[in-house]
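Dear colleague,

Please find below the structure that I am handing over to you.

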Amino acid sequence: MIFSFQLLFEAIVFGILLGCFYAAVSIGLSLAFGLLDVPHVAHPAVLVLGAYCTYLLGSYGWDPILAGLALMPLFFLFGVAMYRFYYETFEKRGTDAGVRGLAFFFGVAFIIEVGLILAFGVDQRLVEADYIGKSFTFGEMRVPLRMLLAFGIALALAAALTLYLSKTFTGRAIKAVAQDEGALRLMGADPVRIKQWAFGIATGVTALAGALLIIIGPVEPMTDRIYIGRTFCVVVLAGLGSMTGTLAAGLILGISESIVLMHFGASWAPAVAFGLLLVVLGIRPQGLFGR
Amino acid sequence: MKSLKRRSFLVAGALAIAFGVSAPVAQAQQPIKIGHSMALTGTLGGGGKGALIGLQLWVEDVNAKGGLLGRKVELITYDDQSSPATTPGIYTKLLDVDKVDLLIAPYATVPTAPLMPLVKQRGKLLMGNFSFQVNSKVGHDMWFNNAAWNVAASWSDNFFAIGKKFDAKTVAFLVADQEFAQNLARGAKEIAGKLGLKTVYEQNYPPTTVDFSSMIRAIRAAQPDIVYVMSYPNDSVAIVRSVNEIGVGPSVKLIGGGMVGLHFAPVMESLGSMLNGWVNYHLYAPEKTMDFPGVKGFLERYSKKAIEAKVDPLGYYLPPFNYAIGQMLEQAITATKSLDDKVLAKYLREHEMKTIVGNIRYGPDGEWAKARVIMVQFRGVADKNVEQFRQPGKQVIVEPAEYKTGEVLPFDKARK
Amino acid sequence: MRSRVVPFWIGAAATVVLAGILSLGGANEYFYFAGYVVLQFVVLATAWNILGGYAGYVNFGTAAFFGIGAYTSVVLFKSLGAPLLVQMAAAAAVTGLLGFGTGLLTLRLRGIFYSIATVAVIFIAETLMINWRYVGGAAGLQLLRPSPMVPFETYTRMLFFVMAVLAVIAVSIARYIEISWIGRGLRALRDSEEAAECSGVPTLRLKLLACTVSGALMGMAGAPLPMYLSFLEPASSFSLNYSVVALAGAIIGGTANWIGPVLGAILLASMQQIVTVTISSEMNVLVVGVMLVVFVVAAPDGILGLIRKLRRPRAAPGSTS
């Protein structure tokens, strides 16, 4: 393998851009699983669903980012409905339901995946936009514009969500629900409604993340499988419940993947996320910033 | 009541006679079933759909002439989604459930690879469809490929000959980790070694890779003269886009070589001017040196059907060669008056086939005895225009000399 | 309990004999091709249930053990030309060890963490095989299988019989675990791991045993795959589909008893085969997903649970069942 500092520098820059993207893609899961303890294995599938909806709107001429923003309210409602269903069927009934809740989301993920195959076929899908295909030249390096855009939006998303959770009333209620549901109930707030709202936000955010996914590269229905590793790696590495942690964890994953790609080759890159996940679970399961 | 009884008696009698008489006739009226799978979706789908139309045109033509051996021909097709996981099941179904008489291979090496042991063990003739060296390990003696290449040299010699024109000393290999690309790469690296070219970069990537920017960057850092890419349609598109986005460096004079997919019209249309300068293999281009008898007429008829079906309207790659598969089967069946795999295989091995893509003679490995792989360079391609490719000059044939229609330009000059 | 033992062994022997007769008989070749897959899922669902149903650890990593079993076979076949039974024994050893190892690594984790860790094992196993040229890397390997053993006409029929015998073995093992002290311990730790620990149940040892046995059986189910297809490549061998169908088969059938996975797998896999032949192969995955969700939501105890509910009339107040 060739080694040069230029190449290493480029790999790190690319890793940072990629890492922020991974953070944006995982932030919904951080909320749903990290804060609300919902075993949301279907999150990557919802992400790919968001990407395909963006593609659909794109075929009518919509700009992908606008499409993503427009899809957010729809996905919010979808998330609320999903949580409500999950709560009524599983969470209410106690611990054994945890196993079945997991199986339920697994089933949902598969249904979404197959639904996409039936609706769109197995072919890869792309979106076209003015900023896709161009690049910025920084000295010797050419950085693709689509990566910079994803990076920017991801940062904005992470910042917005962190602010929301710490500064607004509902945001703090969500954090409270995660900490101590009983106490919250005693204070007169309805934890189920708050969780519903939070899950809706998590799903809405994932719609925009899905738009970023298809901007970054082509998607196909089975793309959700590799993202199981990436999103859960980020969420677990961050530590459950930490939003800023998600950004840091995303960066770590992005840079690691980029360096492995440069040094060991493309055939090892898919294992980085899963490998890192196992390492974190083995050594420090509460993650970097966990509660 | 009485009339009903009489009527039903008559009907029963008629049926009995009909069955009695039709029993021997039924055999003759049974259609000849030819079974295959085709990549209608997945990475190869852009080409597979057109290929199917090529085959269907042949079925139409032969049935219009009365069929084969007095029987109609029926084509049974399944979508294999470009995946080698589906083909063993599909071909087992074709043989045991659909009970087909003859088999045609799926389009391309990767879906075909799993079938070679199966057809060898069941003693079935398999008409190949654009696979590369897929029979090299199994050595089935009833395999006949329709594509105009044979061994690795038939492909890579021409590509490296172009490199020599640029006085190239170094080469980079970007190879998909699948059967086709690996077969091609094995041969190519040997030839590169014999020519004294130094390999400065080598990367095998998993077929599901979607982002090539890191690899392109690494290639740029290695500063090769030649970049030999061996990829399937999805990756070919991603690689062309990536090079367009971040550039491959001023050292590269020649890039391309083994990229499947840059022949499908939808791909050519969507990549547009990004294709300029790329040199790639081909088997047919609408240039005057390749006007075989019958091919222009076929392409016109094909185009009409393809436009209706909203599929590749040009059909310069697979469709004529798929029609040729039909023609070869037709010749063999008509001459031997048999559907037996061994008999047909013997005929195909010993005779020259006349098809719209030229005359074909087979070597002992089931590949063309004389290869005819050309290298084309994309030049002056504009964006979002598929009809431009009907004009000569967009895919300039640069090698070998007997089909050449223009001189090759170095990559960055051709991009302007 | 005693009165149930003899009928079980009679049933098991009868199944083997029936399978033997079928495989020597004259059904359409495709029947054996599809039947092999159904029997394979019976083994996978039964094996899954040992850890998933009895112990409550939802293992998503079935595909890892299945795939490694297949690759073990390939390595033995390619290097030594080993016969099928040797391949299967080797696969059991390797995947049993893998089960033990993953158990050590992951069993400290609970709930979803455990499940995600098992998914990670699949991808890591797949990546290792992709990077190993000897077994073909991502491109895969073509294999010429030897001639079938004497009484069988074709290799597929032989594999059908072998898989049927393996299914009977797997079910016997699962049943033994279920009715023995091992099963009692696993059920205790499924209900409450802390309580079980406090009562002196050797939870870690039991979990590791379940992991090892489960893994070994899954590996044995995967071992004949390369011979079945004459070809092996990583993407389809490690497909998550194997994990989902094994899990769904057990949950749909009912996880409490050894019959559950058998019923569920036969129902699910047969439906899949029929749908694949008549409609399309995508629909068959949809069938699995929908049935899984429906059963998990509406009939959490599976078919067995439904049967039990139908059999038992409304219990009189104050009586226990």
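In chain A, the mean position of the 18 positive charges lies 8 Å from that of the 17 negative charges. Please note that this is a predicted model.

Chain A holds 11 helices and two strands. Read from the N terminus, the order of its elements is α-α-α-α-β-β-α-α-α-α-α-α-α. The radius of gyration of chain A is 19 Å, close to the 19 Å that the globule rule gives for 291 residues, so the chain is as compact as a globular protein of that length. The C-alpha trace of chain A spans about 60 × 45 × 35 Å along its principal axes.

Of the contacts in chain A with a separation of 6 or more, 77% are between residues 24 or more positions apart. The accessible surface of the chain is about 11,000 Å², and carbon and sulfur atoms contribute 68% of that surface.

Helix 5 of chain A covers residues 145–167. Its 23 residues should span 33 Å at 1.5 Å a residue, and this agrees with the 32 Å between its end C-alpha atoms. Which residues of helix 5 are buried? They are Arg146(A), Met147(A), Ala150(A), Ile153(A), Ala154(A), Leu157(A), Ala158(A), Leu161(A), Tyr164(A) and Leu165(A). An α-helix has 3.6 residues a turn, so residues three or four places apart point the same way.

With kind regards

Key
Residues are numbered from 1 along each chain as its sequence is written. Chains are lettered from A and ligands numbered from 1 in the order in which they are written. This is a predicted model: local features need pLDDT of at least 70, side-chain atom pairs count only at pLDDT 80 or more; totals for chains, interfaces and linings use all residues. Side-chain values use heavy atoms; hydrogens and water are left out. Helices (H or I, at least four residues) and strands (E, at least two) are DSSP runs, numbered from the N terminus. The radius of gyration is taken over C-alpha atoms; the globule rule is 2.2 Å times the number of residues to the power 0.38. Contact means heavy atoms within 4.5 Å. Accessible areas come from the Shrake-Rupley method with a 1.4 Å probe; for residues, only the protein chains shown count as cover. Lys and Arg count as positive and Asp and Glu as negative; His and the chain ends are not counted. The place of a charge is taken as NZ of Lys, CZ of Arg, CG of Asp or CD of Glu. The expected span of a helix is 1.5 Å times one less than its number of residues. Buried means under 20% relative accessible area, exposed over 50%, partly exposed in between (1.4 Å probe, protein chains only).
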